[in-house]
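Hello,

Here is the model for your files. My notes on a helix contact and the aromatic rings follow below.

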Amino acid sequence: MTLNCGCSLDGLVAVQNLQTEIIAEERRVLEGIAARGRDCVVVGRNADAFLTQEQLLRVFVCATMASRVQRCMKHLREDEKNITPQKMERKIRKVDKNRVRTAEFFSESGWGIPENYNIVVNTTGWDIDELSTVLAEFSKKWFDKTEKKI
């Protein structure tokens, strides 16, 4: 009896190796930025797991699924215009599942658990440009306050 899953195990190993190489390179880049002592904003990339010795402001951004779908549908490329809201929701859920899996692999803290962040921002019903201004002001005050403690 032959088991056929539609791909070879060699192919799966190659994909896993490539993913490992990409993550190692991401880590190298993040550590290089941190070593230079430069301020930067990193969105995702498990920076908190890699930069454990750095002073990080950890922000988690969330929204209702309806809001996330609506925002994603608004920013579709021309070649994606045939995606339905239902299909977009499935894509978002798949991305979230991968984020959870990756976060569990690299750190003991889970993805999306409020206690693991300095601030959690629900963007539902908000303009992103307005929120970015508020977050920039919060981050200035947060770093001023934490630097005084050091």
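Helix α3 (residues 65–74) packs against helix α4 (residues 85–106) at an angle of about 110°, and their axes are 9 Å apart. That makes the two roughly perpendicular (65 to 115 degrees). Axes here are lines fitted to C-alpha atoms over the stretch in contact, with angles from 0 to 180 degrees between N-to-C directions. Helices are DSSP runs (H or I) of at least four residues, and strands (E) of at least two, numbered from the N terminus.

This is a predicted model: local features need pLDDT of at least 70 and side-chain atom pairs 80 or more, while totals for chains, interfaces and linings use all residues. Residues are numbered from 1 along each chain as its sequence is written, and side-chain values use heavy atoms, without hydrogens and water.

From α3, Met 65, Arg 68, Val 69, Cys 72 and Met 73 contact (heavy atoms within 4.5 Å) residues of α4, including Pro 85, Met 88 and Ile 92.

There are 3 aromatic pairs (ring centres within 6.5 Å, using the six-membered ring of Trp). In one, Phe 60 and Trp 111 have ring centres 5.2 Å apart and planes at 75°, so the pair is edge-to-face (over 60 degrees). Phe 60 lies in strand β1 (residues 59–62) and Trp 111 in the loop between α4 and β2 (119–122), 51 residues apart. Together with Tyr 117, Phe 60 and Trp 111 form one aromatic cluster.

Regards

Definitions and conventions. Parallel < 35°, antiparallel > 145°, perpendicular 65-115°, else oblique. Phe/Tyr/Trp six-rings, centres within 6.5 Å; stacked < 30°, edge-to-face > 60°.
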